[in-house]
Amino acid sequence: MPLRFRNIDVTPDAPVREWGFEGMLAALDRGYAPHWSRLASAVASEPGLREIFEEAAEAAESRTTVALVREMIDHRQRTSSDVARERLRSAHRASGLTQRELASTLGTSASRLSTYLSGRVTPAMDVLVAAEELADREVALRKIGRAH
């Protein structure tokens, strides 16, 4: 069943900035993935909508939908530096190495790796790729070790 707005003069096809509190609340409570995606994109790209969204989120019945839309907003607001930091952190965890061991393997210092992991400095692509390849090898070796 399509989403319908009540008590407002716009339709779900209108730009999200025209929905206001009532439209956002309706999308959260009675909408579907396409509505949530539009809502998240608009809130992520138009800072003035965040306050209205938060008010609607507070009034919404579905805590799960609100959490999902918040995740979608956060995802859309990530920068390439955020993505690089997340990927490096993931590779570090998967490698099973200490920070000092990983730094040494990558040919950098522990303090430099720390700046990458904290997000103060964005790693060069070759460092990120090397860390991910190392993590992939370490995971594969652990799997082989369990198989024997």
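Predicted model: local features only at pLDDT ≥ 70, side-chain atom pairs only at ≥ 80, totals over all residues.
1. Let's start with the core. The largest nonpolar core has 24 residues, and the members that touch the most others are Val16, Trp19, Met24, Leu28, Leu39, Phe53 and Val69. Helix 1, helix 2, helix 3 (49–59) and helix 4 each give two or more residues to this core. As background, nonpolar side chains in soluble globular proteins tend to be buried together.

2. Val16 deserves a click. Setting aside neighbours within four places in sequence, Val16 is in contact with Met24, Arg38, Leu39, Ala42 and Leu49.

3. Now for helix 1. Which residues of helix 1 are buried? They are Gly23, Met24, Leu25, Ala26, Ala27 and Leu28. The cover over these buried residues includes helix 2, helix 3 and helix 4.

4. Aromatics next. How many aromatic pairs does a search of the whole structure find? The search turns up 1. The pair is Phe5 with Trp19, in an edge-to-face arrangement, with 5.2 Å centre to centre and 75° between the planes. Phe5 and Trp19 both lie in the segment before helix 1 (20–30), so the pair ties together parts that are 14 residues apart in sequence.

5. His35 is a polar residue to check by eye. Is His35 buried or exposed? With a relative accessible area of 15%, His35 counts as buried because the cut-off is under 20%. His35 sits in helix 2 (residues 33–45). Not counting residues up to four places away in sequence, His35 touches Leu3, Pro12, Trp19 and Ala27. Of these, Ala27 is one of the buried residues of helix 1, while Trp19 is the partner of Phe5 in the aromatic pair.

6. Finally, Thr65. This residue belongs to helix 4 (residues 63–77). Thr65 is buried, since its relative accessible area of 9% falls under the 20% cut-off. Neighbours within four places in sequence aside, Thr65 is in contact with Leu28 and Trp36. Leu28 is itself among the buried residues of helix 1, and helix 4 is part of what covers those residues.

Definitions and conventions:
Residues numbered from 1 in each chain as written. Heavy atoms only, no water. Helix = DSSP H or I, 4+ residues; strand = E, 2+ residues; numbered from the N terminus. Buried < 20%, exposed > 50% of the residue type's maximum accessible area, 1.4 Å probe, protein only. Contact = heavy atoms within 4.5 Å. Phe/Tyr/Trp six-rings, centres within 6.5 Å; stacked < 30°, edge-to-face > 60°. Core = buried A, V, L, I, M, F, W, Y, C linked by side-chain atoms within 4.5 Å.
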